[in-house]
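Me: Can you walk me through this model? I'd like to go piece by piece and ask questions as they come up.

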Amino acid sequence: MTFEPLASDFFSYESLLTDREKEALAALRGWLERDVKPIVNDHWDRGEFPMQIVKPLAELGALSYAWDETKPFKNSAVFRGFVALELARVDASVATFAGVQNGLATGSIAIAGSTEQRAEWIPRLASGEVIGAFGLTEPLSGSDSARGLRTTARREGDEWVLNGAKRWIGNATFSDITIIWAKDEADGQVKGFIVPTSTPGYTATKIERKISLRAVQNADITLEHVVVPESLRLQNANSFRDTAAVLRQTRAEVAWSAVGTSIGAYEAAVAYAKRREQFGKPIGAHQLIQDLLVKCLGNITASLGMVVRVSEMLDRGEQRDEHSALTKAYTTARMRETVAWAREAVGGNGIVLDYDVARFFADAEALYSYEGTREMNTLIVGRAITGEAAFV
Ligand SMILES: Cc1cc2nc3c(=O)[nH]c(=O)nc-3n(C[C@H](O)[C@H](O)[C@H](O)COP(=O)(O)OP(=O)(O)OC[C@H]3O[C@@H](n4cnc5c(N)ncnc54)[C@H](O)[C@@H]3O)c2cc1C
């Protein structure tokens, strides 16, 4: 499929991609427009994830940021970012599904697993044969998960016994494995476990009545005397610092999804502004509507510059926590403005699913809060600027 530059990428950041990457992106874009876009509003409405898209997503490479021997991920972070953008531009739930599968579940194993664990699990996650989830947040511990985890892990011989509860875990209603982060009773350090969801004592219950990201599901998980072998403990996860290493790269990817969500809303608004007529001409010919659209494009263009740069830094091993934190906090704040302006430009129809902006508008709220709220990411950057931690 031929690659057509995206008009919303006003400063042509896509030109940084190689020809092979552009081809892969064009194939993904074509499939998303043809097979996914027409079904997403309906799934959002029903609160159901379109499981039939998992296999094509894998075939198009959107689940395989495939690990190789020399580095955690084979594809460049900039390319992976454009994949996340492309998914979110059509649907933020689809982008979230892939973000959990690739970044959080596969990423935990790629970054904190042993060579054997990588070899065993990553190809199966990349092909979609195994669906993964990432269980860090708990009912009583969200922003303070670095110190506040209550889920425990106790070593008994060659096995570990896990007890506790998790909340908000994406993909967990249908995942085959969930990475569970728990405090080792012996040394108080956070460790990660690959928990097959069929393990006795593991229960996942769908969180109902969400108003954001309705298509992708989140679960409450309970762990009651869940026994896993030592071979399923992530061998290189020895403290929360290793969990944070996973979040450092996924936060940057959420920022890319925020840009994609903004673009999805903006493009829907532009299309509407060209066809909807009021006062005898398309609303897009009125100055105030152009003002809304230009403000959206300004936010998108500034945010794109930021995500591209932070991904380049990740590829060069230069990205620090505060870099991805600033990018996530800034781009999600710009996304929230952008989806609101896009919704405004569509008037009353902007609150009806059929015109797409309503879905982007609602979904933006979850992206704004997950993987570190704006406040938490602000405090991470604040600490870097001043040398003073102001979390408590
Ligand atoms: C749709 C969705 C998907 C998610 N997916 C996953 C997942 O797959 N896996 C997973 O582990 N988690 C997941 N989460 C959890 C998400 O990461 C948490 O919701 C997030 O970290 C915030 O935690 P909380 O909701 O408990 O809010 P809280 O921590 O209770 O925060 C509430 C408010 O208080 C503010 N606040 C807290 N502490 C401070 C402070 N010191 N100073 C100033 N303000 C503060 C916060 O910024 C926020 O505004 C998901 C959440 C959502 C909504």
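Reply: A word on the annotation before we start: UniProt positions are given in the numbering used here, feature names are shortened, and annotations may be inferred rather than shown by experiment. This is a predicted model, where local features need pLDDT of at least 70, side-chain atom pairs count only at pLDDT 80 or more, and totals for chains, interfaces and linings use all residues. Residues are numbered from 1 along each chain as its sequence is written, and side-chain values use heavy atoms, with hydrogens and water left out.

Me: OK. Which residues does the UniProt domain annotation cover?

Reply: The unreviewed UniProt entry puts "domain: Acyl-CoA dehydrogenase/oxidase C-terminal" on residues 245-385.

Me: And how much helix and strand is in 245-385?

Reply: That stretch is 78% helix and 3% strand, and its end C-alpha atoms are 20 Å apart. Helices (H or I, at least four residues) and strands (E, at least two) are DSSP runs, numbered from the N terminus.

Me: Is α10 mostly covered or uncovered?

Reply: Mostly covered: ten of the 13 residues in α10 are buried. Buried means under 20% relative accessible area, exposed over 50%, and partly exposed in between, with a 1.4 Å probe and protein chains only. Among the buried ones in α10 are R359, F360, D363 and Y368.

Me: What do the buried residues of α10 pack against?

Reply: They pack against α1 (19-46), α3 (77-90), α4 (92-112), α7 (240-275), α9 (321-345) and α11 (374-386). Contact here means heavy atoms within 4.5 Å.

Me: What sits either side of α10?

Reply: The loop between α9 and α10 holds D356, which has a positive phi of about 70 degrees although it is not a glycine. D356 is buried, at a relative accessible area of 15%. α10 is followed by E371, whose phi is also positive, near 55 degrees.

Me: Switching topic. How many residues are in the largest nonpolar core?

Reply: It has 68 residues, and those with the most contacts inside it are L57, F82, L87, F97 and L304. A nonpolar core is a set of buried Ala, Val, Leu, Ile, Met, Phe, Trp, Tyr and Cys residues joined through side-chain atoms within 4.5 Å.

Me: Which element gives the largest share of this core?

Reply: α7, with twelve residues. As for L304, its contacts include F82, L85 and W256, not counting residues up to four places away in sequence. There is also a second, separate core of 40 residues, which includes W160, I180, Y202 and F240.

Me: Now charges. How many salt bridges does the structure hold?

Reply: It holds 31. A salt bridge is a side-chain nitrogen of Lys or Arg within 4 Å of a carboxyl oxygen of Asp or Glu. One of them joins E14 and R29, with the closest N and O atoms 2.7 Å apart. E14 is in the segment before α1 and R29 is in helix α1, 15 residues apart. Both E14 and R29 are buried.

Me: What about R89, is it buried or exposed?

Reply: R89 is buried, with a relative accessible area of 11%. Its side chain meets that of E267 in a salt bridge (2.8 Å, N to O). The pair links helix α3 with helix α7, 178 residues apart in the chain. E267 is partly exposed, at 22% relative accessible area.

Me: What else does R89 touch?

Reply: Its contacts include R29, E33, G260 and F360, leaving out residues up to four places away in sequence. The R89 side chain also makes a polar contact (a pair of N or O atoms within 3.5 Å; within protein, one must be able to donate a hydrogen and the other to accept it, and residues adjacent in sequence count only if both atoms are side-chain atoms) with the side chain of E86, at 2.9 Å.

Me: And which residues are linked with R89 in a network of salt bridges?

Reply: E14, R29, E33, K37, E86 and E267 are linked in that network with R89. K37 and E33 meet at 4.0 Å, N to O, and both lie in helix α1, four residues apart, about one turn of the helix.
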